[in-house]
Amino acid sequence: MKEQTLSIIKPDGVRKNLIGEVIQRFEKNGLTPIAMKMLHLTKTEAEGFYAVHKGKPFYDSLTDFMSSGPIVVMILEGEEAINKNRELMGATNPEVAAEGTIRRQYADNIEQNIVHGSDAPETAKTEIAYFFNALEVCPRP
């Protein structure tokens, strides 16, 4: 089933100049970017995006990290886009991520792990709406 998911190249991925590498992996695996932009979240914007984690021990450090530098947000579209994106990213903890995944190859630790991806259709819809309006989405054949 064709679906959409939100993908973020986190500040560490941008700092390591991995934007092109990450996007290329998505495209080579059938995920098409249909919206994309670079921005620098404020601490408040990062807290809003990760509000679901408020109260968890990692919330403050995560939102500090996500507001520490520019990020690239994009909507990826393709067959089973959510699962495919999550497979390409690998497990949140790069130490246990499968060989060949983005996190296994490039991430430093469980928090600074290069990429974020939606985990379910409902989450994708909410996350996409956090960053994009309808005019910014450019469906492709």
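How many aromatic pairs does the structure hold? The structure holds four, where rings of Phe, Tyr and Trp (its six-membered ring) count as a pair if their centres lie within 6.5 Å, with planes under 30 degrees apart called stacked, over 60 edge-to-face and the rest tilted. Before we look at them, please note that this is a predicted model, in which local features need pLDDT of at least 70 and side-chain atom pairs count only at pLDDT 80 or more, while totals for chains, interfaces and linings use all residues. Residues are numbered from 1 along each chain as its sequence is written, and side-chain values use heavy atoms, with hydrogens and water left out.

Let us start with Phe49 and Phe131. Their ring centres are 5.1 Å apart and their planes stand at 50°, so this pair is tilted. The pair links distant parts of the chain, since Phe49 sits in helix α3 and Phe131 in helix α7, 82 residues apart; helices (H or I, at least four residues) and strands (E, at least two) are DSSP runs numbered from the N terminus. Phe131 also pairs with Tyr130, this time edge-to-face, at 5.1 Å centre to centre and 80° between the planes. Phe131 is buried, with a relative accessible area of 7%, whereas Tyr130 is partly exposed at 37% (buried means under 20%, exposed over 50%, partly exposed in between, with a 1.4 Å probe and protein chains only). Together with Phe49 and Tyr50, these two residues form one aromatic cluster.

Finally, turn to the largest pocket, whose volume is about 640 Å³. It is lined by 24 residues, and Tyr50, from the aromatic cluster, is one of those nearest its centre, as are His53, Phe58, Leu62 and His116. α7 supplies the largest share of this lining, four residues.

How values were computed: 1 Å grid on protein atoms, 1.4 Å probe; cavity = no way out; pocket = protein on both sides within 12 Å on 5 of 7 lines; lining within 4 Å. Points joined across faces, edges and corners; volume = space filled by probe spheres on them.
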